[in-house]
Amino acid sequence: MARIKKAKNGDPVKPTADSSSIYTKRMLSNMSMADRSSGELKEIFRKRYNQDARDLERQSKKGKPGYDKNGFPIKKQRNGGKTPAWQRKEGKNPSGGLNAKGVASYRKANPGSKLKMAVTTPPSKLKKGSKAANRRKSFCARMSGVKGPMRKPNGKPTRKALALRKWNC
């Protein structure tokens, strides 16, 4: 274990990574309970470890209203508190996949994405090796390997099954 060195003026020198827990324990043991609860402790640690003030603020806001369990602010949705259409029923096609509104809302929520509509042309009518045929083949290979049931407990097909059927997999 590394020992805590002292500078010429008597202040402890910043410890190495392996001795940081020992250093912390010693600092806490030397402080009174009043000092530990006050902002003085935060100030000492900020100086010693060059921590960003925002990290300490986040630590103090854990679980408070408007913040999640890790202290990050909860993001508010822009469109009147609704999730994007591609995550809701109105953006999904009943026969599987997304409808035009769902694709548009996905592109808006994820700028730079190249999401396209499904290739619904039957494989027999697609030219072998064409872009559409290759896209369909790639989708079928990826989606067929996804774990999960093809039917819900009530007997209806899952979204996975509907998508595979729509792409003629």
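Leaving aside its neighbours within four places in sequence, which residues is arginine 136 in contact with? In this predicted model, they are Val119, Pro123, Leu126, Trp167, Asn168 and Cys169. The views below start from the whole protein and then return to this arginine.

**View 1. The whole protein is built from helices.** The protein has seven helices and zero strands. From the N terminus on, its elements run α-α-α-α-α-α-α. Of its 169 residues, 19% count as buried. The protein exposes about 13100 Å². Carbon and sulfur atoms supply 55% of that area. Take the contacts with a separation of 6 or more: residues 24 or more positions apart account for 27% of them.

View 2. The mean pLDDT of the protein is 77. A value of 70 or more is reached by 63% of the residues. Among the elements, helix 6 has the highest mean pLDDT, 94. Helix 2 (residues 33–37) has the lowest, 58. Over residues 15–19 the pLDDT is below 50. Beyond near neighbours in sequence, that stretch has six contacts in the model. Where pLDDT is low, the predicted coordinates should not be read in detail.

**View 3. Arginine 136 is buried without a salt bridge.** This residue lies in helix 6, which spans residues 131–144. Arginine 136 is buried, yet has no salt bridge. The nearest side chain of opposite charge belongs to glutamate 90. That side chain is 29 Å away. Trp167, Asn168 and Cys169 are among the contacts of arginine 136.

**View 4. Helix 7 is mostly covered.** Six of its eight residues are buried. They are Lys160, Ala161, Leu162, Ala163, Leu164 and Lys166. What covers them includes helix 6. Just after helix 7, asparagine 168 takes a positive phi of about 60°.

View 5. Lysine 160 sits in helix 7 (residues 159–166). Is lysine 160 buried or exposed? It is buried, and it has no salt bridge. For lysine 160, the nearest side chain of opposite charge is glutamate 90, 27 Å away. What lies 2.6 Å from a polar atom of the lysine 160 side chain? The backbone oxygen of valine 146 does. Leaving aside neighbours within four places in sequence, lysine 160 is in contact with Met143, Val146, Lys147, Gly148, Pro149 and Met150.

Key
Residues are numbered from 1 along each chain as its sequence is written. This is a predicted model: local features need pLDDT of at least 70, side-chain atom pairs count only at pLDDT 80 or more; totals for chains, interfaces and linings use all residues. Side-chain values use heavy atoms; hydrogens and water are left out. Helices (H or I, at least four residues) and strands (E, at least two) are DSSP runs, numbered from the N terminus. Buried means under 20% relative accessible area, exposed over 50%, partly exposed in between (1.4 Å probe, protein chains only). Lys and Arg count as positive and Asp and Glu as negative; His and the chain ends are not counted. A salt bridge is a side-chain nitrogen of Lys or Arg within 4 Å of a carboxyl oxygen of Asp or Glu. A polar contact is a pair of N or O atoms within 3.5 Å; within protein, one must be able to donate a hydrogen and the other to accept it, and residues adjacent in sequence count only if both atoms are side-chain atoms. Contact means heavy atoms within 4.5 Å. Accessible areas come from the Shrake-Rupley method with a 1.4 Å probe; for residues, only the protein chains shown count as cover. pLDDT is the predictor's confidence in each residue, from 0 to 100.
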